[in-house]
Amino acid sequence: MLRGFYTAASGMISQQRQQEALANNIANANTPGYKADQPTLRAFPELLMRETGSQNIPTKYGLNVPVENPVGPLNTGVYVHEIIPNYDQGDIRETNQPTDLAIVNGVLPDEAGGLFFTVQNETGDVRYTRNGQFTVDGDGFLTTSQGYYVLDEMGNPIQTGGMDFDVTEDGVLQVDGQAIPLDIRYTDNVHALTKEGDGLFAGDAGDVPAGATFSIRQGFLERSNVDAAKTMTQMMEAYRMFETNQRVLKAHDESMDKAVNDIARIT
Amino acid sequence: MSRPMIQAAVTMNQLQQKMDLIGNNLANSQTTGYKSRLAHFSSLLFQHIDNMQETEVNAEGRLTPDGIRVGTGARLAPTMLDLTPGAINETDRSLDTALLTENHLFQIAVTENGITETRYTRDGAFYISPLGDGESVLLTTKDGYPVLGENGPIEFANDFEDITVQPDGQITITRDGVTETIDNLAIVEATRPNILEAVGENIFRLPDIDVLGYDVNDIIQPVALNGEVVKSGALEQSNVDLAEQMTDLLTAQRSYQFNARTISMSDQMSSLINQLR
């Protein structure tokens, strides 16, 4: 079997996978706090090719000794190695909804540092989010639009009592004479977080270190950082790469056709 | 293969709903006391895919944890009410009453299935409705719900010449040149406006507050009627911002197109696979 068959097929499969990630970016071009996914491709692990042959040793009866000589490394295809979210700050859009909050990154001490709101998911675990489109539930708790509790610094849900509230720039929610600091977390490596859906990230994040600055804007939302034009271009590129690999696959198929039907044809 | 198609189809459906919502806001841009509704998107579940069996080789040079995570599109988050007050529009009709302060509400009596309940509205276009006995009339909203005064529904004899609503909420009528106060509008302030439930027709109600452990007074408090509380001869306009709604509509339409493009591209990729043989 021709080795290139699967190489071309793997090219098609990885372009499909890439298309999935890009299509999801386009779908989330209007999702507040969404971080665009960027797929990266990588060659399959290298194979060391060896030729097997024989060496004739000139003895009386002639002696053939099998030998193996290295030919060189070969990659037999490509796959989507990683899908890395781009954690760059999204644009800030004014909504005038007092329950909408946006984190505006200031100075972050680490290149891959990131700041997040802390929420509690349905199993009681702590998750992080940049989607500050919050709401107040029927019981007066501050929740995400999916109903997950937004947590304060003590790790408790925030009770607003259904009253109007103010959020200061450093993330303190003021309601009914109480000051409740929102739990803003910092991680020095955002890439260690995993996306879970509903805008939530799982992983570990600690307190905001002294060197990190940020501000919380009430009545604003952080928009998705998906660039629709760029994503569309990437999708077209992925589509054409898919097409190219399909052509290569067809070319291999034609070679196979020759091997199967034309070699040793008796006419 | 169909994953991009499903992502796009799901998202298009949600975008359609967003456009419906915007359409509803636009249709109500002239409705008295209408509060615009808004909704944002939220991403859907991400699926974890093990992209490589040989984890050791795969782990080399990675930034992110093992595997890859592919999303499944976006959905519309629950709609929210924008409670900011609308502009005040002079109408010079004596029964049109506009509330001047945010979170102030008129009380009305709504009877549904034989149960009468106090509900709340900011729509101050009031009417006078005959009671059927040929003598007295009732102050109602445009849907015919009685407006509540401090002594319950505001009922008075129909032989008056003029009726006015004073800035402090007093309702005065003039009979044979004599002006008398019949009642005060029972205006309340919602101290916990986020607890109120919107029931449509610009009307709000209290949820089951016993379950929440609140007393009525925790949520709704009567407003002291002094100074200027209401403006007679004026109505609160809808707070829909047409320019913003149109921009949102255009954005939603373009996103719809982008997702449609995803589907056609995905379809062409399927076609390429079909052409393999």
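## Burial and overall form of chain B

In chain B, 35% of the 277 residues count as buried. Buried here means 20 or more other C-beta atoms within 10 Å of the residue's own; exposed means 12 or fewer, and partly exposed lies in between, with C-beta atoms placed from the backbone. The model is predicted: local features need pLDDT of at least 70, side-chain atom pairs count only at pLDDT 80 or more, and totals for chains, interfaces and linings use all residues. Residues are numbered from 1 along each chain as its sequence is written, while chains are lettered from A and ligands numbered from 1 in the order in which they are written.

Chain B holds 5 helices and 24 strands. Its radius of gyration is 28 Å, well over the 19 Å that the globule rule gives for 277 residues, so chain B is more spread out than a compact globule. That radius is taken over C-alpha atoms, and the rule is 2.2 Å times the number of residues to the power 0.38. Helices (H or I, at least four residues) and strands (E, at least two) are DSSP runs, numbered from the N terminus. Along the principal axes, the C-alpha atoms of chain B fill a box of roughly 95 × 40 × 35 Å.

Of the contacts in chain B with a separation of 6 or more, 67% link residues 24 or more positions apart. Two residues are in contact if their C-beta atoms, placed from the backbone, lie within 7 Å.

## Confidence

Chain B has a mean pLDDT of 87, and 100% of its residues reach 70 or more. pLDDT is the predictor's confidence in each residue, from 0 to 100. The model scores ipTM 0.84 and pTM 0.84.

## Where the chains meet

The contact takes 51 residues from chain B and 53 residues from chain A. On the chain B side, the elements giving two or more residues are α1 (3–27), β2 (41–43), β4 (68–71) and α5 (242–274). Helix α5(B) gives the most, with 10 residues. By class, this side has 27 nonpolar, 18 polar and 6 charged residues. Ala, Val, Leu, Ile, Met, Phe, Trp, Tyr, Cys and Pro count as nonpolar; Asp, Glu, Lys and Arg as charged; the others, Gly among them, as polar.

Arg3(B) is found in helix α1 of chain B. Arg3(B) is buried, with 20 other C-beta atoms within 10 Å. The C-alpha atoms of Arg3(B) and Val70(B) are separated by 9.5 Å, although these residues are 67 apart along the chain.

## Strand β9 and its partners

Strands of a sheet pair through backbone hydrogen bonds, either parallel or antiparallel. Pairing here requires at least two bridges found by DSSP between two strands. In chain B, β9 (residues 104–112) and β10 (residues 115–121) pair antiparallel over 7 bridges. Ile108(B) stands opposite Arg119(B) in β10(B). The β9(B)–β10(B) hairpin has 2 residues between the strands, and Asn113(B) takes a positive phi near 50° there.

Strand β9(B) also pairs with β19 (residues 187–190) of chain B, antiparallel over 3 bridges. Leu105(B) stands opposite Val188(B), and the bridge partner of Phe106(B) is Ile187(B). In turn, β19(B) pairs with β22 (residues 220–222) of chain B, antiparallel over 3 bridges. There, Ala190(B) has Ile220(B) as its bridge partner.

## A three-stranded open sheet in chain B

Chain B has an open sheet of 3 strands in the order β16-β17-β18, with antiparallel pairing. The edge strands are β16 (162–165) and β18 (178–184), each pairing on one side only. The twist averages 25° from one strand to the next. Axes for such angles are lines fitted to C-alpha atoms, for helices over the stretch in contact, and angles run from 0 to 180 degrees between N-to-C directions.

Strand β17 (residues 170–175) of chain B is joined to β18(B) by 6 bridges, running antiparallel. Thr172(B) stands opposite Thr181(B) in β18(B).

## A three-stranded open sheet in chain A

Chain A has an open sheet of 3 strands in the order β12-β13-β14, also antiparallel. Strands β12 (166–167) and β14 (178–181) of chain A stand at the edges, each with a single partner strand, so one side of each is left without a neighbour in the sheet. Strand β13 (residues 172–175) of chain A runs antiparallel to β12(A), and 2 bridges join them. In β13(A), Gln174(A) is the bridge partner of Asp166(A).
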